[in-house]
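Trainee: I have not looked at this one before. Can you take me through the side chains?

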Amino acid sequence: MTEGNVGMTEPAIFAAELTPYRSLGRRGFRVLLALTGAVCAVHAVFFVATGAWPIGFFFGLDFLLLYGAFLLNYRSGRAREEVVVSRTALAIRKFTPSGRMTEHRFNPFWARFFVRRHSEIGIVSMQVSGEGRRTDIGSFLNPDDRESFAKAFNAALATVKQRL
């Protein structure tokens, strides 16, 4: 979480950029594809050489499907949310993987932060509502990150409401 002022005239009391977690980095992705490609190629060559060429084709298809799945996974990882709280405004900017941005603004004095919990998992959803509008926050976060964000965001809203 960083401090800043994203499109606001006042300094931010709280600012966070939420991004999805990806356990496999670019280097790991390349290593995984190289190993998988080598295994698929060896098996494909074996089956083609023994006359079972359709099976070799399916090894190539498996590799292409794995590559495509990882590309889609990394593309979805480009989604992010920026949450900024100042004394007079609460701004939530949501960026899609394609880069399209949607902004939700709330008055921090009227904004309410709702957290839905599950007894075994922890926080399963977070929402901000106010002035007849509602938006989800951090739907792509893992449970631990949801907990830490919820604690910090709730504290920021309480700080703003105390400074009347």
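Mentor: We will go through the salt bridges, then the aromatic rings, then a charged patch.

Mentor: This is a predicted model, where local features need pLDDT of at least 70, side-chain atom pairs count only at pLDDT 80 or more, and totals for chains, interfaces and linings use all residues. Residues are numbered from 1 along each chain as its sequence is written, and side-chain values use heavy atoms, with hydrogens and water left out.

Trainee: How many salt bridges does the count come to?

Mentor: The count comes to six salt bridges. A salt bridge here is a side-chain nitrogen of Lys or Arg within 4 Å of a carboxyl oxygen of Asp or Glu.

Trainee: Which salt bridge does E82 form?

Mentor: E82 meets R93, at 4.0 Å from N to O. E82 is in strand 2 (residues 80-85) and R93 in strand 3 (residues 90-95), so this pair ties together parts that are 11 residues apart in sequence. Helices (H or I, at least four residues) and strands (E, at least two) are DSSP runs, numbered from the N terminus.

Trainee: And E82, buried or exposed?

Mentor: E82 is buried, at a relative accessible area of 14%. R93 is buried too, at 19%. Buried means under 20% relative accessible area, exposed over 50%, and partly exposed in between, with a 1.4 Å probe and protein chains only.

Trainee: What does E103 pair with?

Mentor: E103 forms a salt bridge with R93, at 3.5 Å from N to O. Since E103 lies in strand 4 (residues 101-106) and R93 in strand 3, the pair ties together parts that are 10 residues apart in sequence. E103 is partly exposed, with a relative accessible area of 32%.

Trainee: Where does E147 come in?

Mentor: E147 forms a salt bridge with R117, and their closest N and O atoms are 2.7 Å apart. E147 is in helix 3 (residues 143-162) and R117 in strand 5 (residues 112-118), so parts that are 30 residues apart in sequence are tied together. E147 is partly exposed at 31%, while R117 counts as exposed at 54% relative accessibility.

Trainee: Which residues do salt bridges with shared partners join?

Mentor: R80, E82, R93, E103 and R105 are joined into one network.

Trainee: Switching to rings. How many aromatic pairs are there?

Mentor: There are 11 aromatic pairs. One of them is F29 with F70, whose ring centres are 5.6 Å apart and whose planes are at 45 degrees, so the pair is tilted. F29 is in helix 1 (residues 26-49) and F70 in helix 2, so the pair ties together parts that are 41 residues apart in sequence. Both F29 and F70 are buried.

Trainee: Why is the pair of F46 and F47 edge-to-face?

Mentor: Because their planes are at 75 degrees, with ring centres 5.2 Å apart. The rule is that rings of Phe, Tyr and Trp (its six-membered ring) pair if their centres lie within 6.5 Å; planes under 30 degrees apart count as stacked, over 60 as edge-to-face and the rest as tilted. F46 is partly exposed at 49%, and F47 is partly exposed at 22%.

Trainee: Which residues do ring pairs link into a cluster?

Mentor: F14, F113, F149 and F153.

Trainee: Last topic. Where is R75?

Mentor: R75 sits in helix 2 (residues 53-76). R75 is partly exposed, with a relative accessible area of 39%.
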